[in-house]
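Biologist: I am new to this protein. Please show me the model, and let me ask what stands behind each label.

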Amino acid sequence: MRIGELAKLTDVSTRLLRYYEQQGLLRSERTSGGYREYGADAQVRVRQIRGLLAAGLSTRVIAEILPCATGPLPALEACPDLLATLHAELADLDGRIDTLTRSRDALAGYLATARPAAVPYAA
């Protein structure tokens, strides 16, 4: 199928599909006229990419673990280094959540102790 058809089937823009290809996440063949042609598995592959992006993974990490993906959700099968990669990503995410929580608590504290500004007397 051509890029426009794949975009329509997956509800992903052609620009994004070209980006996925540029990142090594998606493959196409070129016709003699220079058009991109995607195989029958491209629709599932795009859904896998979208699912992994929704989990907060970068395209770099997705490229690393995509060979372990099966099915459109995707399910991940044990591949070399898969668990270590996912544990590292989870630890990074936990660290960012901790930082955000501390920032939120500090901001809430400032709001709780803020005094209203003096309002000038209007005559």
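Modeller: A pocket is an open set of points where a 1.4 Å probe fits, on a 1 Å grid over the protein atoms alone, with protein on both sides within 12 Å along at least five of seven lines. Its volume is the space filled by probe spheres set on the points, which are joined across faces, edges and corners. The model is predicted, with pLDDT of at least 70 needed for local features and 80 or more for side-chain atom pairs, while totals for chains, interfaces and linings use all residues. Residues count from 1 along each chain as its sequence is written, and side-chain values use heavy atoms, without hydrogens and water.

Biologist: What volume does the second largest pocket have?

Modeller: About 160 Å³. The largest pocket has about 230 Å³.

Biologist: What makes a residue part of a lining?

Modeller: An atom within 4 Å of a pocket point. The second largest pocket is lined by ten such names: Leu52, Ala55, Gly56, Leu57, Leu76, Leu86, Glu89, Leu90, Leu93 and Arg96. Helix H5 (residues 82–113) gives the largest share, 5 residues.

Biologist: How does that lining divide by residue type?

Modeller: Into 7 nonpolar, 1 polar and 2 charged. Ala, Val, Leu, Ile, Met, Phe, Trp, Tyr, Cys and Pro count as nonpolar, Asp, Glu, Lys and Arg as charged, and the others, Gly among them, as polar. The lining of the largest pocket has 6 nonpolar, 2 polar and 3 charged. Among its residues are Asp41, Arg45 and Pro67.

Biologist: What makes the contact of H1 with H2?

Modeller: Ile3, Gly4, Leu6 and Ala7 of H1 meet Thr14, Leu17 and Arg18 of H2. Contact means heavy atoms within 4.5 Å. These residues divide into 4 nonpolar, 2 polar and 1 charged.

Biologist: Which angle does H2 make with helix H3 (residues 42–54)?

Modeller: About 85°, with axes 12 Å apart. H2 and H3 are therefore roughly perpendicular too. Their contact has 6 nonpolar residues, no polar and 1 charged. Leu16, Leu17 and Tyr20 of H2 take part, with Val46, Ile49, Arg50 and Leu53 of H3.

Biologist: How do you know that Cys68 and Cys79 form a disulfide?

Modeller: Their sulfur atoms are 2.2 Å apart. The rule asks for a pair within 2.5 Å, and the count is 1 disulfide. Cys68 lies between helix H4 (59–65) and strand S3 (69–70), and Cys79 between strand S4 (75–76) and H5, so the bond ties parts 11 residues apart in sequence.

Methods. Helices (H or I, at least four residues) and strands (E, at least two) are DSSP runs, numbered from the N terminus. Axes are lines fitted to C-alpha atoms, for helices over the stretch in contact, and angles run from 0 to 180 degrees between N-to-C directions. Angles under 35 degrees count as roughly parallel, over 145 as roughly antiparallel, 65 to 115 as roughly perpendicular and the rest as oblique.
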